[in-house]
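Hi everyone, thanks for having me.

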Amino acid sequence: MRDIFILYMKTTILITEQQKRRLIIESLNDEVNDNVTENVSLFKKIAQFSSDEFSNNLGFLITWGAGIGGFMGPVNSFLSGKYPNLSETDTTLILLGVLGTIFMNGKDLIFDVIDKIKENGLIKEFKTTLGKAKDLKTTFISFLKSIDVNVGSIMTMLSYAFMIPSLGPIINLLQSGNVSHDEIKLFVSSLAMSKFITLSSKTLTTFIQKLIKKLK
């Protein structure tokens, strides 16, 4: 009777732990999806500004809106923290200049944006922010290469960049214990359903598996 009770208790604890990890994964999924929505909103804000001020809505970049927003989010945070007295218009102008310089090098739009930045006396703020953005780009590409992700183009980097705001929590989850195949599937399936994420379920699964291997 005592052995049956102990077996029952162990089974109960096991089920509780599985449920707990499932809740953690579902919560992380919600966090990542919320961040993706914010990423897209930031891209749309910059694109709308570009359309209003320069008659260019950045339509050819919309496919990577979540990635661009994921990349530009930390850049925006740096800019707002470094220069808190900038107006929203000036902040968005600088973000557009940074976005354009990194992802649209050589386009006529960039020359017009840089001219406007100079006209508004924001060249110092722009150059400082651009430097931080270039550092982020270099760091993120190095991170992807470190887990054996082939970054053949800037667009490949952008495909993964939607995860930048969520990388910390994702890594924390993967370091919290052995992650089962079913847990990876649960995490990836939610992301793969997002219309804003361009990576396939298979590619996302491979990314998570490579990241797990890197963290061991």
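I'll start with the overall fold and then move to the core.

A word on the source: this is a predicted model, where local features need pLDDT of at least 70, side-chain atom pairs count only at pLDDT 80 or more, and totals for chains, interfaces and linings use all residues. Residues are numbered from 1 along each chain as its sequence is written, and side-chain values use heavy atoms, with hydrogens and water left out.

So, what is the chain built from? It has nine helices and zero strands; helices here are DSSP runs of H or I with at least four residues, strands are E runs of at least two, and both are numbered from the N terminus. The C-alpha atoms fill a box of roughly 85 × 35 × 30 Å along the principal axes.

Of the 216 residues, 43% are buried, meaning under 20% relative accessible area with a 1.4 Å probe, counting protein chains only.

Now the core. The largest nonpolar core holds 69 residues, and Phe 71, Leu 99 and Phe 207 have the most contacts inside it. Such a core is a set of buried Ala, Val, Leu, Ile, Met, Phe, Trp, Tyr and Cys residues joined through side-chain atoms within 4.5 Å. Helix 1, residues 2–54, gives the most to this core, with eleven residues.

Look at Phe 207: leaving aside residues up to four places away in sequence, its contacts (heavy atoms within 4.5 Å) include Phe 143, Tyr 160 and Met 163.

Finally, helix 3 covers residues 88–103. Why is it largely enclosed by the rest of the structure? Because 13 of its 16 residues are buried.

Notes:
Buried < 20%, exposed > 50% of the residue type's maximum accessible area, 1.4 Å probe, protein only. Expected span 1.5 Å × (residues − 1).
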